[in-house]
Amino acid sequence: MSGDAASRAAASAVQPRVGLLERFPRLRQAMSLLRKLVDDKVALAAAIFLLVLLFVSVFAPYVAPQDPTKQDLMLRLRPPAWSEKGIAKYLLGTDPLGRDVLSRMIYGSRVSLIVGVAVIAISGAFGTIVGLISGYFGGQVDNILMRIVDLQTAFPGLLVALAIITMIGPSVRNIIIVLSINGWMVFARMIRGTTLALRTSLFVDAARCIGAGNNRIIFRHMLPNLASPLITLATLELARIILAEAVLSFVGMGIQPPASSWGLMINEGHAYITMAWWLVTFPGIAIALTVLSVNLLATWLRAVTDPMQREKQFGPRMR
């Protein structure tokens, strides 16, 4: 017995240990993706900016130096702190009501991210389901669903949004509803086209042969294969939604005072642009950097998740 125990102990000692990455393939894939992100300096800078923006928006009450709604008319239109008449505690200056521009921008980032993520979640989920059903079943179902998509696409999205918000009133909830109504069609079209190509694949035929139902084939076998283009499209749409929210707030149909939004700040400051350039400049830079970072990250995601795009952009040596 002691000899058997010793032999088992010796065998277990020489047996190679399975590392953490080998035991969890998803973790290994995430680490590989992180290494590729670090190698791409432009995408890394975009990701860092978005992470900082997310951190600032989540912890806005702790990060903002001032109360964004506190007014002090004695300090109205003060320039940034580095200017001649600037005040140190108002780093980016004050607005016409004496409110801190930096604090309002920090709280305004919350609105942009909340609206963007909520719209992507709603429109993306609905559009993905419509695209899967249309592409998988084809025939009359495909014709009906795609004609609905064509009909809604024919109307200008911004005008439809303005018309609906005029009737139901501006608020964060209504903005999310309106932009979701205008955004699901692009997901439906993309998912439908990819599903048409996947439904004749061997793994789909194999699933049918073992008796898998339509729901299982669609959501268990086909949907995971759509993750790469879906993530890329969602990232690109996030940039469009942020711009759309800013436009609606700029024309007065979005976020309403005393709440803060980047588009609303530009609306409130454009009348003072000749005497207080910082009221428009800093919110505009925030919008531009956010949209640029999202687009750069989406381009990188497409390159690393799509084999054909990876070969075109990085060459055959990247794996």
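The model is predicted. Its largest nonpolar core has 60 residues. A search of the whole structure finds 9 salt bridges.

**Helix α9**
- Helix α9 covers residues 172-198, 27 residues in total.
- From first C-alpha to last, α9 reaches 38 Å, close to the 39 Å expected at 1.5 Å a residue.
- At Ile181, α9 bends by about 35°.

**Nonpolar cores**
- In the largest core, the residues touching the most other members are Met105, Val115 and Leu179.
- Helix α14 (residues 278-305) gives this core its largest share, 12 residues.
- A second core is separate and has 6 residues, among them Val130, Met146, Val149 and Ala188.
- Leaving aside residues up to four places away in sequence, Met105 touches Leu92, Ser260, Trp262, Met265, Phe282, Pro283 and Ala286.

**Ser293**
- Ser293 is found in helix α14.
- Ser293 has a relative accessible area of 8%, so it counts as buried, the limit being under 20%.
- Ser293 touches Ala46, Phe49 and Leu50, again not counting residues up to four places away in sequence.

- Side chains of opposite charge can pair when their charged atoms come close.
- Arg99 and Asp95 form a salt bridge, with their closest N and O atoms 2.7 Å apart.
- Arg99 is buried at 6% relative accessibility, and Asp95 is buried with a relative accessible area of 6%.
- A network of salt bridges links Asp95, Arg99, Arg104 and Glu268.

**A bridge between helices α9 and α7**
- Arg189 and Asp150 meet through their side chains in a salt bridge of 2.1 Å, N to O.
- Arg189 lies in α9 and Asp150 in α7 (residues 139-153), so the pair ties together parts that are 39 residues apart in sequence.
- Arg189 is partly exposed at 39% relative accessibility.
- Asp150 is partly exposed as well, at 29%.

- The side chains of Glu237 and Arg240 form a salt bridge (2.9 Å, N to O).
- Both residues lie in helix α12 (residues 227-250), 3 residues apart, about one turn of the helix.
- An α-helix has 3.6 residues a turn, so residues three or four places apart point the same way.
- Glu237 is buried, with a relative accessible area of 9%, whereas Arg240 is partly exposed at 34% relative accessibility.

Definitions and conventions:
Residues numbered from 1 in each chain as written. Predicted model: local features only at pLDDT ≥ 70, side-chain atom pairs only at ≥ 80, totals over all residues. Heavy atoms only, no water. Helix = DSSP H or I, 4+ residues; strand = E, 2+ residues; numbered from the N terminus. Expected span 1.5 Å × (residues − 1). Bend = angle between axes of the 7 residues up to and from the residue. Core = buried A, V, L, I, M, F, W, Y, C linked by side-chain atoms within 4.5 Å. Buried < 20%, exposed > 50% of the residue type's maximum accessible area, 1.4 Å probe, protein only. Contact = heavy atoms within 4.5 Å. Salt bridge = Lys/Arg side-chain N within 4 Å of Asp/Glu carboxyl O.
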